[in-house]
Amino acid sequence: MQGFPYTMLPKPSLEVDLPFGSEKLEEVQRYGRHLQATYRWLRRSVQKAEGGSAAYYCPGLGWSQAYPETTGYLIPTLLELKSYLPREDVEGLAVKLGDWLLKIQKSDGSWPGGLYTPGDEGGQSSVFNTSQILLGLVSVYRFDRQDKWLDAATRGANWLVGSLEDPQEWAANDYEADLTPSYYARAVWPILEVWRETGKDSLKWKAISILDHIYSQKHKDGSFRKWGFDGGRAAYTHTIAYTIRGFWESARILGEWNRWIDPVSEGLERLRRQAEMRWGKLPGIYGSGWEGENAFSCLTGNSQLAICMLEWEKEDQDIRIVNAAAKLVDYVCSRQKIRFPLSGIRGGVAGSAPWWGSYMRCRYPNWAAKFH
């Protein structure tokens, strides 16, 4: 199922301890080397920031400050890594990040947007950032069952639904003051995760109402109105994947497969075909009518869409879906330097390929590494 040819990549001398027995396939070993290098980059991102994970590394400028949003949704990834990197203290790192997020939570249950400045707990609250942090707190609660995690997550979820100025939309507290974009389907998923742990039905019904509203913005070709950052039809694959994954995970929790999965699978099937035909090198942006901008690829979106496809394949087993996902991952691996003198680049994943593309230009964001 290998997609991208790897003969051009040097084989790194990384010791990988994966739970597949001594007769590991070379393909498994290759993915394992990239996995370990990516984890070590993420660990450095925490070491370089104060408390959380640095949002990105930029050559010439260095590491940024910590980013609460992506620090939050990095936690579930770390906890899952224990099965694959048993020699690493990934669980201890996940708990450390959770403790930091509790320290900076605001009194109303929300978290501030943007990069975190130590001592500045009074920054403007953020809907999307708060929602993504809930994913981390719920996952660490399921790990050690300490009430402090679920209590903080519940306060955050209550703030989210209490911030709805329209029964189905947030009109403030984020990037565009008058816009609830379609990719906020991913903000609904964490609310439902809190509902699943608490049984608080008011969270469930609010979440369903928002999902129904976002679904009403779907076009006949499988795309969504307002699924880009600015509300236009053009969108990075990053926010396209946010939209799809939000619907997918919400449907999984609610058991509403026919209601939401079939509609979003239409766009995912279109992307699957393109991923196979283009050897994983998807356009970074899709506009009206799925017209792609081919000047660059959004590597973050590549990895996110691979995850969406692998989740899809669990329900609709088809080797073509796995092959498309493998090609997307292989393309990202082909752009990743796992042997490099600069620690901020070694094991990191650039925002774009080429790295000066318009998504996170010339930077290595922690969320690209997280999804990879």
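Guide: Strands here are DSSP runs of E with at least two residues, numbered from the N terminus. By that count, proline 354 sits in the loop between β7 (352-353) and β8 (364-365). The model is predicted. The peptide bond joining alanine 353 to proline 354 is cis, with omega about 0°.

Two other loops hold a residue with positive phi. Tryptophan 290 lies in the loop between β4 (285-286) and β5 (292-293); its phi is about 60°, although tryptophan 290 is not a glycine. Its relative accessible area is 6%, so tryptophan 290 is buried. Arginine 145, in the loop between α4 (127-144) and α5 (147-162), also has a positive phi, near 60°, and is not a glycine. At 47% relative accessibility, arginine 145 counts as partly exposed.

Helix α2 covers residues 68-81 and has a kink of about 25° at leucine 74, shortly before proline 76. From first C-alpha to last, α2 reaches 20 Å, close to the 20 Å expected at 1.5 Å a residue. Of the 14 residues in α2, 13 are buried.

As for helix packing, α6 (residues 185-198) meets α7 (residues 201-215) at about 160°, with the axes 9 Å apart. The angle is over 145 degrees, which makes α6 roughly antiparallel to α7. Their crossing is left-handed. Residues in the contact include Val188, Ile191 and Trp195 of α6, and Leu203, Ala207 and Ile214 of α7.

How values were computed
Residues numbered from 1 in each chain as written. Predicted model: local features only at pLDDT ≥ 70, side-chain atom pairs only at ≥ 80, totals over all residues. Heavy atoms only, no water. Helix = DSSP H or I, 4+ residues; strand = E, 2+ residues; numbered from the N terminus. Expected span 1.5 Å × (residues − 1). Bend = angle between axes of the 7 residues up to and from the residue. Buried < 20%, exposed > 50% of the residue type's maximum accessible area, 1.4 Å probe, protein only. Axes fitted to C-alpha atoms, helices over the stretch in contact; angles between N-to-C directions. Parallel < 35°, antiparallel > 145°, perpendicular 65-115°, else oblique. Left-handed = near helix turned anticlockwise from the far one by under 90°. Contact = heavy atoms within 4.5 Å.
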